[in-house]
There are 4 protein chains.
Amino acid sequence: MMSELETNDPLVIAGQTFKSRLLVGTGKYKDMAETGAAIEASGAEIVTMAVRRTNLGQNPDEPNLLDVVSPDRYTLLPNTAGCYTADDAVRTCRLARELLDGHDLVKLEVLGDQKTLYPNIIETVKAAETLVKDGFKVMVYTNDDPIVAKQLEEIGCVAVMPLGSLIGSGLGIQNPHNIRLIMEEANVPILVDAGIGTPSEAAMAMEMGCAGVLVNSAIAGAQNPVLMAKAMQKAVQAGREAHLAVRMPRKAYASASSPLDGLISK
Amino acid sequence: MMSELETNDPLVIAGQTFKSRLLVGTGKYKDMAETGAAIEASGAEIVTMAVRRTNLGQNPDEPNLLDVVSPDRYTLLPNTAGCYTADDAVRTCRLARELLDGHDLVKLEVLGDQKTLYPNIIETVKAAETLVKDGFKVMVYTNDDPIVAKQLEEIGCVAVMPLGSLIGSGLGIQNPHNIRLIMEEANVPILVDAGIGTPSEAAMAMEMGCAGVLVNSAIAGAQNPVLMAKAMQKAVQAGREAHLAVRMPRKAYASASSPLDGLISK
Amino acid sequence: MMSELETNDPLVIAGQTFKSRLLVGTGKYKDMAETGAAIEASGAEIVTMAVRRTNLGQNPDEPNLLDVVSPDRYTLLPNTAGCYTADDAVRTCRLARELLDGHDLVKLEVLGDQKTLYPNIIETVKAAETLVKDGFKVMVYTNDDPIVAKQLEEIGCVAVMPLGSLIGSGLGIQNPHNIRLIMEEANVPILVDAGIGTPSEAAMAMEMGCAGVLVNSAIAGAQNPVLMAKAMQKAVQAGREAHLAVRMPRKAYASASSPLDGLISK
Amino acid sequence: MMSELETNDPLVIAGQTFKSRLLVGTGKYKDMAETGAAIEASGAEIVTMAVRRTNLGQNPDEPNLLDVVSPDRYTLLPNTAGCYTADDAVRTCRLARELLDGHDLVKLEVLGDQKTLYPNIIETVKAAETLVKDGFKVMVYTNDDPIVAKQLEEIGCVAVMPLGSLIGSGLGIQNPHNIRLIMEEANVPILVDAGIGTPSEAAMAMEMGCAGVLVNSAIAGAQNPVLMAKAMQKAVQAGREAHLAVRMPRKAYASASSPLDGLISK
C-alpha cells in the first residue's frame, strides 16, 4: 500500500513525476529473466540501459531488453556508457532517439578511461551543450565537483548525477561534503550515480537530501539480486522519509532517553 | 503484506520469536499519544521502558504507559536505566517482575556516569550474574569490548547489546570493527543498542549481521517521530535483507556495469 | 643536521631540486614579522603569494613581502588566487613575471566561486594551455578528479596540486582514494594543496606517496603559528620517511608483538 | 638540538620526567642488532619488553636484551604480555622486579584471548589492585572504555594506556571519540597503546592531547624499521607541538588564505 507520503512527495524530472526515487540499471545480470525480476523487485520506474551494449531492436534476431523492460511500464533512460568522446556520446543519444521513436530523455556519460570509468568533464560539458541544444532532456553523470555540477545545470541538464565513488566499486559515497555542496546550489534534482554498494549507503544519500540514487552493480552483483533489489527499494524510501522527518541533532555527550529528573520514588 | 522472508527469518530471543528486528524505547516523547503512535509506526514488537521513570501502575492516579503500550500487543522489556550499581539494577528488575506479574525478560543497564551514560562493566557483570541466577532472562547493554561481550554470554545473558556510540548521541556506530569481533564469537543475538541516529546507521548495523537494533532517541528526537519510526522500520528490514542477499564485493577500481567486450556494432 | 635521507631524496620540480617537501603560503598572518618567522620555522624552500593581493614592489611606499621572503633565500611561487577566469589568471602570471624579472614558475589557480574557492576546471585547463605555450612552468591547483589531473599533466604542467578539501577549511583529505588514483597515473609531482588542517593530515598525504604538501591556513590560523610551522615541517618529513620505510601491513586481527611460541619457561 | 619546547614540556609519569613521548617495544625485530638500532633511532626513553618472552638474565647463556637496551640509558618497562589471568600478571611483575633489582615501574596487560589480544578488563582491574597495593607503579593497557579508564586511575595506576585498535593490527585509532572522553576525565597521563600503524596516526593521537604513544609493530613491521623509527619520533613531536600550538578551526566553507577585500589595484 502506498503511504500518503509516497503519494505527496514525488520525484520530478523534466516535468515528469515519479513515485520511486530508486533508478536502476540493466547491466551485469545473469540473464534477461534475472534482469526483469530484479528490476521489478526494486520498484524502480526509471531504468537505464547502455545503448551501445544493449539490443533495443537493432538486432532483430536476438533477445530484446524491451521484452523484460517494457516501455509501457518503465520510463526508459538510454545511456552513453562506453563513450569516451563528446561526439561518440552525442551520436549514441541520437541513435537511441531513433530506436525509441523520438524518446528524448537520456543519461549522458562520457568516460575518461577504462580503469576508473571516471567521467571526462571537458567532453561531458561539450556533449551536454550539444545535446541540450538538440532538444534532449539530459540527465548527466559527473564527478562530485560542485562548480562543474552547477555548470551542467546552467547548460540546461534536467538532472545532475554526481558519482559517490567509482562505477562498480561499491565503495559508497567517498566525499559526502562535496555532495552537500552540490545540493546547496542546485535547482535541478541531484541523484547519486555510481558507487553505492549497500542499502545503508543508498539511505545515507537520501538522508543527505539527494533526490534519488541510481544503483546497478550493487543489485546485479549481490548473491541474491532480487532480494537486494527489495532491500534497496526500502532503503531509498527509508532515507527519503528520514530526510523529511529531520534527524535528531548529533550530541558529543550522552543524554538519557528519558529526562534525568523526575525519577519515580519507590 | 508480510513477505516470505519476514516470515521465515525470525529474530529469536530466549526461545521467543519476533518478526521485527527493530526494538524501540518509550523515553523522550512529547506525550503518551505520540509515544503510542510512533511505536505503532515502527512496527516494533519489543518495547523497552525505564522502570524507575515510567508509571507501570505504581502511581494509580497518573497516566500509565501500559495504556498505550499494551502487554497484549507488545513484548515489554523493562530496563534499569538510571541505575549506577549492581544492587540498584537487581532491585529494579525485581520491582519490574512484581509489577508485571512475573515477567522475567529484562534489559540490564548499569551506568558509569551521567555525562556519558556509558555502562559500568564491573557492576554490569555482577548484576548479570545475580539476575541470571535469579531466573531472569537478561538482555544486557554493554560497551563494544568483545571479551566482555563473550563473558556476558557465558554468564547466561540471552542477548548482548553493545553500544554503537553514547546513548542519545546519534553518532552511529563508532567502531564497526569491534561489533564485528563481537559477532564472530557470539552464540546469542547481538543487537546494537545506543547511538543509532539515522535509518542508514540502523541499516548498516543490520548489513554487518547484527540480529537487531534498539532505537529510541533517533525516533523520539526527530522533528516528525512517526515518520522517522516508519523510516527506521524500513531501514532495519532493508539492512537485514541486504545481509541475507550478500553484498557485492568492494573493488578498488571501476568496472563497467556491462561487460566491456561485445559492444554492439552500429 | 640534515640526515642522509633528506640529502638523497630531493623533491624535483621542473628540474629544480628541493630538500623540503613542505610548501607554504603568505596569507592570513597578523603581520609581516609573523609571516617571516613562521615561514622560517617551517623550513620551506618554496613560498607562494597571491600576486593580486601582495605588494611585490607594485606599491613602493608600502611594506614589501620580499623584505621578509627574500628571493635570494626562497623560491618564490606567485599564484593567481582571486582570479575567476582564464584571462585573469594569465594576465596575473604575466604581471608576476614582469615584477619578478622574468621568473616563470607560477601556481595557477582559477576559482569557481567565493563560497567554496573550488577550482573552475574548464577555465583552469584553458589557462594552463595558454601559460604553458607562453613558457611558464605551471604548478596547477585542481580538484581531485584523476582524469583532469592527467589532462593537466599532458598539457605540460610541471606539478599537479589536487585539493584535499576546501581552501581554508582545515578538513583534511576528504577523498584519499582519488588522490591515490591521481598518483598511480602521474609522471609529474603530485602535491596536496588546500584543506590540510593538522600535521597528522600532512603526514598522511606524504605516507600515501604525495611528493609534497602546500599549507597556509593551518599554520597562519593556529594560535601559535611559529610552533605549528615547526610541527608541519616534522610531520612532512615523518610522512615522507614513513613512505620510504614502507608501513606494516594492516591486519584484521591482533598479533602479539612477539611470537606466541617460545615463552621462556620460569 | 633540543628545542626550548622539548625542554619545557616533559612527560611526567610517576614523578619521573621524560623528554620523549614515544614509548617503544622490543618485539618482532629480526635480531638484537635491529632492535637496538631501531630503538636508538626512535629517540625513545621508555622501552617495554615482555618479561615472559625476553631474556633479562634468566637464561645466562643466551643473548640478553639488556645488552642492547641498557638500563643505564633507557627506562625499562617490563610488561605482562602473554598473561591471561590476574594471578599470572601479578606473578610476572614480581619476577620482573626480582630480575631488575627492585624495579617497580611495570606495564600491566591481562589479555582476553589470542585472536584479538584484547584486554580482559575484569582480570586487569583485579591485577591492578593487587599490584598497586604491592608497591608497583602500574601503567595499564586497557580498552577504550572511559569508565574503566577512570576506575584504573582511581585504583592508583600511574598511567592509563587505552588501545587505538587491536595489538599488531596497524588499524590506527578506531574510536577517537572514546579516547577524548577518557582524556577529559583523566588526572594521570593517557597514552595510546596498540594499533598505531603509521606516523600520521601517532601524530593524530598527540594532536588530540594524548600524553604519549607506545609503538612496536609499526616500527618492527616496517620494511625499514630504523627509518620508520625516525619517522615516528618526528611525528610524535609534530603532534605534540601541534597540540600546544592549537589547530585552526575547521570550517564548512572555504575562506581565502588572504582576506578578500583589499585587492591591490593594478
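1. A polar contact is a pair of N or O atoms within 3.5 Å; within protein, one atom must be able to donate a hydrogen and the other to accept it, and residues adjacent in sequence count only if both atoms are side-chain atoms. By this rule, the interface of chain B and chain D has 10 residue pairs in polar contact, both residues at pLDDT 80 or more.

2. On the basis of the note: this is a predicted model, in which local features need pLDDT of at least 70 and side-chain atom pairs count only at pLDDT 80 or more, while totals for chains, interfaces and linings use all residues. Residues are numbered from 1 along each chain as its sequence is written, chains are lettered from A and ligands numbered from 1 in the order in which they are written, and side-chain values use heavy atoms, with hydrogens and water left out.

3. Chain B with chain D, extent. Each chain brings 25 residues to the contact (heavy atoms within 4.5 Å). The buried area is about 2,100 Å², with 58% from carbon and sulfur atoms; buried area is the accessible area (1.4 Å probe) that two parts lose on being put together, summed over both. On the chain B side, Tyr118(B), Ile122(B) and Ile147(B) lose the most area to chain D, together 25% of what that side buries.

4. Chain B with chain D, charges. Side chains of opposite charge can pair when their charged atoms come close. Four salt bridges are found across this interface (a side-chain nitrogen of Lys or Arg within 4 Å of a carboxyl oxygen of Asp or Glu). One of them joins Lys115(B) to Glu185(D), with the closest N and O atoms 2.6 Å apart.

5. Chain B with chain D, elements. Helices H4 (121–133), H5 (146–155) and H6 (176–185) of chain B each give two or more residues to the side that touches chain D; helices (H or I, at least four residues) and strands (E, at least two) are DSSP runs, numbered from the N terminus. H6(B) has the largest share, five residues. This side of chain B divides into 10 nonpolar, nine polar and six charged residues. Here Ala, Val, Leu, Ile, Met, Phe, Trp, Tyr, Cys and Pro count as nonpolar, Asp, Glu, Lys and Arg as charged, and the others, Gly among them, as polar.

6. Chain C with chain D, extent. The contact takes 67 residues from chain C and 66 residues from chain D. About 5,900 Å² is buried between them, 60% of it from carbon and sulfur atoms.

7. Chain C with chain D, pairs. Two salt bridges are counted here, including one between Lys234(C) and Glu241(D) at 2.5 Å, N to O. There are 18 residue pairs in polar contact, both at pLDDT 80 or more. H9(C) gives the most to the side of chain C that touches chain D, with 12 residues. That side holds 31 nonpolar, 22 polar and 14 charged residues.

8. The H7 pair. The axes of H7(C) and H7(D), each helix covering residues 199–207, come within 8 Å and cross at roughly 175°. Axes are lines fitted to C-alpha atoms, for helices over the stretch in contact, and angles run from 0 to 180 degrees between N-to-C directions. H7(C) is therefore roughly antiparallel to H7(D) (angles over 145 degrees; under 35 is roughly parallel, 65 to 115 roughly perpendicular and the rest oblique). The residues in this contact include Met204(C) and Met204(D).
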